[in-house]
Amino acid sequence: MLTPDQTAADDLRKRVRAFLAEHDPASLPRLDFLHARFDAGLAWVHYPEGLGGLGLPRALQAAVDAQFAAAGAPDNDPARIGIGLGMAAPTILAYGTQEQKERWLRPLWTGEEVWCQLFSEPGAGSDLAGLAARAVRDEEGERWLVSGQKVWTSMAHAARWGLLLARTDPDVPKHAGLTYFGCDMTVPGVEVRPLRQLTGEAEFNEVFLSDVAVRDADRIGAVGEGWKVAQATLMNERVAIGGGALPREGGMIGLAAAAWRDHPERRTPGLHDQLLRLWADAEVARLAGARLRQLLAAGQPGPEGSAAKIVFARLNQELSAWELEFTGADGLRYDDWSLSRPESVSFFGRGPGYRYLRARGNSIEGGTSEILRNIIAERVLGLPTEPRTDTKVPWKDLPR
Amino acid sequence: MTTTAKRGAAPARASGSMPDLRYTEAEEELRGVVRGLLADRSPWPAVLARIETSEPGDPAVWRAMATELGCAGLLIPEDRGGAGASYREAAVVAEETGYAVAPVPYLGSSVVATAALLGSGDDLLTGLAAGDVTAALTVPFGQLPPRTAQGAARPGGVRVVLHEPGDPPRTMRLSGQVLGVADALTADVYLVPADGRPFGLCAVDAAADGVTLAPVTSLDATRPLADLVFDKALGRVVAVNEEAGAGVLAGLWAGAAMLASEQLGVAQRCLDMTVAYVKERHQFARPVGSFQALKHRLADVWIEVTQARAAARYAAACLATGDADTPVAVALAKAACGEAAVHAAEECVQLHGGIGFTWEHPAHLLLKRAKSGSIAFGTPGQHRTALARMAGLPPAGQGG
């Protein structure tokens, strides 16, 4: 006898097969195919009907993606629109109005509209709630004028929309004075400049906002509730960064293991010992990631994703450092310092020196490992916060 | 129980799909009753008091666990009076014996000795299931499980000697010694692997002539070891040759996997106890748990426990289905859980400060159980060395 889950999976398989019979992936233009897939509810089956989904369990999505891939169907280039899929979409789904969901989710999923994240500022990194970008409502109440500087914005140069967190009330304590918006990146006053990083390239941007007009209709969540909405985005970010199902040796450990197998002449007992520890740690982390996804299949991401992100960062750093040392004298060469503008980060296709340098960012971006440890200590273990002087006074009175 | 990996190829999981690494509702229920019983009948002051007596085990607690809760017969088929459960459930009980540092012979009798007998279906299983009898496989607790049945049927400390006139059929006379056997002090029957032609696995009554048992002053006094000397002791033959080797092998692999789960329970108890303490303990007019220096260390312990849990569940799931990946899974789990337990216990002592260094506080019970358990059935380093072979990562100086 089939369980309800198996029945649902079976029905879904038939539905995808029927869809493919009516929409030939080989002859239909790519965008037409993606539109049709979205409208058939097969984009993300755990989303509601009418918004690209069928209201089914999240766990069923992987099989759908695999079925489309097996049929040679075009995909929505998920690596390029990772922020949209991983952060913007769940936030809009949780806090957006029906109009916003209908306006934003379809072009987000098809990749026609790229999203970026306008959160961090030069003066607000770990202390994100202290941010200073100011949004002032106009007299009619229809528009907000936003001024400030955002930083570490990947894909801002290609983005149509930004997830904007701005200060709407400086007279209340910092967490209470924030509001969340969808910001049109194509309007006047938005200036995007590349931010070169220590690898030589510029994955990220600085975004300067000068009296940028944002429609009140593009506000996500209530005025003053921006912090709450931003939490949903950040939890999803950590799951996105730490997650992803991989086969054994599927991540950076695969590169290190391959190097070891290919170069017997470079092997030393010390490096062997380190590699075995890393291999075991990477495999256990992979199992822990699988377990986390099983636990999340029914529910929403919680602070547990923070653990995956810390482990992922540490492993990437240790593995890339190991690999660079194993490379020996060749590790003294670097492949390319030129200022390129990659659309997505990949540790593959570059040399071990690049991997070593890029991995340093893994424990900083998306919440430093230190901030994540605070989150685990406070939200999972229930430990008290450090005594704080910044949470009860109006934001405008804080020293900065 | 061997896995071969070709050079240059990542070892793939044989069955392809990831088993469920969560706990089922039934498993959580089982955990609840075992934890309740041990908290009620074997709280740590009782454990502490017992280690200073000459009677190492707590027969009343064991009887309740074995018969009232049916833990002794968990792995034994229903037609032998057992519960016919799998290693998944057995692992949950092991976690709880670790959580309580319970002085019960669950690991030695209900896991190791039972697993050694399951293949031959020996009649002793009926008595074990009922909780009337406890048994111990006489292999040093510190021994790394061998990789093959042939490896298990190798010369040990006990030899088969000449029969005496009038000895019944299917018996052997055994002489020799085995040092450092766990759960032997409370066992009624010893399962003795004996070198000879044929190699035999024999059941020797603890009270039989020619059996001498010497308690060992053990690092972990809650699971004291014993040295055993056999002088022409009469044993009933349970199995011979390959079948005997397979029994020993099954016992030791099950022991290593379930000991990993026990270590997970130890780690969880250390974490729970320490978190509770740092919330209460005040210095500098605030709970010490509000200092980031301590919070970050506890967050790291939580992360390590979270990772180890995935490895332990994977090993139990593989063992339950006889998955071809079992040797990798058990080595990973034993390495990860051993290190997690030792780290958690060391942090437990440190973060308790002075009180954690006293005899009166239970932290040392956990520390000693953690360190002993990490050495028993193979240290983390030994298991990682075993992984090198299985993962196709040969040591330095070896080509290919």
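Analyst: Let's start with Asn241(B), which sits in helix H8 of chain B. Keep in mind that this is a predicted model.

User: OK, what is the phi of Asn241(B)?
Analyst: Phi is near 50° there, a positive value in a residue that isn't glycine.

User: You mentioned peptide bonds. Where is there a cis one?
Analyst: Between Arg197(B) and Pro198(B), with omega at about 0°. Pro198(B) belongs to the loop between strand S4 (189-194) and strand S5 (200-205) of chain B.

User: Switching topics: how is chain B split into domains?
Analyst: The assignment gives domain 1 (25-133), domain 2 (149-244) and domain 3 (247-391). The C-alpha centres of domain 1 and domain 2 of chain B are 23 Å apart.

User: How many residues do those two put into their contact?
Analyst: Domain 1 of chain B brings 18 residues and domain 2 of chain B brings 16 residues. On the domain 1 side, the largest share is six residues from helix H5 (residues 106-118) of chain B. By class, that side of domain 1 of chain B has twelve nonpolar, five polar and one charged residues.

User: What about the domains of chain A?
Analyst: Chain A is divided into domain 1 (10-75) and domain 2 (231-380). Their C-alpha centres lie 31 Å apart.

User: How many residues of each chain are in contact with the other chain?
Analyst: 42 residues of chain B are in contact with 40 residues of chain A. On the chain B side, H9(B) gives the most, with 13 residues. The elements of chain B that each supply at least two residues are H8, strand S9 (286-287), helix H9 (292-321), helix H10 (326-352) and helix H12 (380-391).

User: What kinds of residues are on that side of chain B?
Analyst: They divide into 24 nonpolar, nine polar and nine charged.

User: Now the inside. How many residues are in the largest nonpolar core?
Analyst: It has 174 residues, and those that touch the most other members include Trp279(A), Leu191(B) and Ala333(B). Helix H8 (residues 241-280) of chain B provides the largest share of this core, 22 residues.

User: What does Ala333(B) touch?
Analyst: Leaving out residues up to four places away in sequence, Ala333(B) touches Ala257(B), Ala260(B), Ala311(B), Ala312(B), Tyr314(B) and Ala315(B). Apart from that core lies another, of 65 residues, among them Leu108(A), Cys116(A), Ala129(A) and Ala159(A).

User: How many bridges join S4(A) to S5(A)?
Analyst: Seven, with strand S4 (residues 161-167) and S5(A) running antiparallel. Leu163(A) stands opposite Gly182(A) in S5(A). Strand S5 (residues 178-184) of chain A is mostly covered, with six of its seven residues buried.

User: Last thing: what confidence does the predictor give?
Analyst: The complex gets an ipTM of 0.93 and a pTM of 0.90. The mean pLDDT of chain B is 93, and 95% of its residues reach 70 or more.

User: Where does pLDDT stay under 50 in chain B?
Analyst: Over residues 1-15 of chain B, for which the model has 39 contacts beyond four places in sequence.

Notes:
Residues numbered from 1 in each chain as written. Chains lettered and ligands numbered in written order. Predicted model: local features only at pLDDT ≥ 70, side-chain atom pairs only at ≥ 80, totals over all residues. Domains from an automatic or database assignment. Contact = placed C-beta atoms within 7 Å. Helix = DSSP H or I, 4+ residues; strand = E, 2+ residues; numbered from the N terminus. Nonpolar A, V, L, I, M, F, W, Y, C, P; charged D, E, K, R; others polar. Buried ≥ 20, exposed ≤ 12 C-beta atoms within 10 Å, placed from the backbone. Pairing = 2+ DSSP bridges. Core = buried A, V, L, I, M, F, W, Y, C linked by C-beta atoms within 7 Å. pLDDT = per-residue confidence, 0-100.
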